[in-house]
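Visitor: I would like to learn how to read a protein model. Could you take me through it feature by feature?

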Amino acid sequence: MNKIPIKIVELSSPSGQTAIDVMIDVYDFDDIENPQQKIKEFKKKYFELIEKTKKIMPEKRDDKLPSVYWKIGHFFKKFNISTTNLFEITNFDQALERDFGLSYRYVRELIIFANLFKKNEIYDSISMSIYRALVWKKNQLEEIGELKNEKLRLIKRAKNNESIKREAYKKELNKLVESKSGGK
């Protein structure tokens, strides 16, 4: 069975009140068994995701604690696992921006971050921008067989309370990738 395309929308009543809902094309109803129940379950999971995320989401971007963003990435990861076999959200980018204030790219990075690190490997003494720099280089580090080593090195630096500047760390990662890949 193909995934059923759905759309997460914000509806407005004539009185001006808004509510989030899920829409499915009427033609897709025949493709799933008990569609109304499946949509109801999806909506419940999505609303739980919104509620859990908003409870811990920092109000200001300056308050980005990696442990909080790891938890948010973990929430997104669990949501994706629980829904992607049946549904494809056709407007996921817009829904994420509207409902969480996060871009789709940032959500993907948070999911990778939650996959890459365990909860006990996150140190709030390290800036979230440092973890993101590692996430951005993840594929290249995997290709050269250095992802695990770099992750362990970063954890060790965090345990030693080493000050790490984002731009300097990005240069370190670039240099590592270039040296191991022959400057390709």
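Visitor: How many salt bridges does the structure hold?

Guide: Start with the idea. Side chains of opposite charge can pair when their charged atoms come close. Keep in mind that this model is predicted. The structure holds 15 salt bridges.

Visitor: Which residue forms a salt bridge with R132?

Guide: The partner is E109. The closest N and O atoms are 2.6 Å apart. This pair links distant parts of the chain. R132 sits in helix 5, residues 128-136. E109 sits in helix 4, residues 104-116.

Visitor: Are R132 and E109 buried or exposed?

Guide: Check the relative accessible area. Buried means under 20%. R132 has 18%, so R132 counts as buried. E109 has 7%, so E109 is buried too.

Visitor: Where do R153 and E150 lie?

Guide: Both lie in helix 7. They are three residues apart, about one turn of the helix. E150 is buried, at 3% relative accessible area. R153 is partly exposed, at 34%.

Visitor: Which residues are linked with E150 and R153 in a network of salt bridges?

Guide: The network also takes in R157, E162 and E172.

Visitor: What about R166?

Guide: R166 forms a salt bridge with E167. Their closest N and O atoms are 3.0 Å apart. R166 is partly exposed, with 39% relative accessibility. E167 is partly exposed as well, with 40%.

Visitor: Now for a charged residue from another helix. Where is K138 found?

Guide: K138 is found in helix 6, residues 138-143. Its relative accessibility is 18%, so K138 counts as buried. Set aside its neighbours within four places in sequence. K138 is then in contact with I112 and L147.

Visitor: Let us turn to the core. Which residues touch the most other members of the largest nonpolar core?

Guide: The general idea comes first. In soluble globular proteins, nonpolar side chains tend to be buried together. Here the largest nonpolar core has 53 residues. F42, Y46, F76, F117, L134 and L154 touch the most other members.

Visitor: What does F42 touch?

Guide: Leave out residues up to four places away in sequence. F42 then touches I6, I8, V22, F79, T83, F87 and I89.

Visitor: Is L134 buried or exposed?

Guide: L134 has 0% relative accessibility, so L134 counts as buried. You will find L134 in helix 5. Skip the neighbours within four places in sequence again. L134 is in contact with L116, F117, L141, L147, E150, K151, L154, Y169 and L173. Take L147 from that list. L134 and L147 are 13 residues apart in sequence. In space they are 8.6 Å apart, C-alpha to C-alpha.

Visitor: How do I describe two packed helices?

Guide: Use the angle between their axes and the distance between the axes. Angles over 145 degrees count as roughly antiparallel.

Visitor: Which residues of helix 5 and helix 7 meet?

Guide: Helix 5 brings I130, Y131 and L134. Helix 7 brings L147, E150, K151 and L154.

Visitor: At what angle do helix 1 and helix 3 pack?

Guide: The angle is about 40°, and the axes are 11 Å apart. That makes helix 1 oblique to helix 3. Helix 1 covers residues 35-56, and helix 3 covers residues 92-100. The crossing is right-handed. Y46, L49, I50, T53 and K54 in helix 1 meet F92, A95, D99 and F100 in helix 3.

Visitor: Where is N161 found?

Guide: N161 is in the loop between helix 7, 147-159, and helix 8, 166-181. Its relative accessible area is 63%, so N161 is exposed.

Note on methods
Residues numbered from 1 in each chain as written. Predicted model: local features only at pLDDT ≥ 70, side-chain atom pairs only at ≥ 80, totals over all residues. Heavy atoms only, no water. Core = buried A, V, L, I, M, F, W, Y, C linked by side-chain atoms within 4.5 Å. Buried < 20%, exposed > 50% of the residue type's maximum accessible area, 1.4 Å probe, protein only. Contact = heavy atoms within 4.5 Å. Helix = DSSP H or I, 4+ residues; strand = E, 2+ residues; numbered from the N terminus. Salt bridge = Lys/Arg side-chain N within 4 Å of Asp/Glu carboxyl O. Axes fitted to C-alpha atoms, helices over the stretch in contact; angles between N-to-C directions. Parallel < 35°, antiparallel > 145°, perpendicular 65-115°, else oblique. Left-handed = near helix turned anticlockwise from the far one by under 90°.
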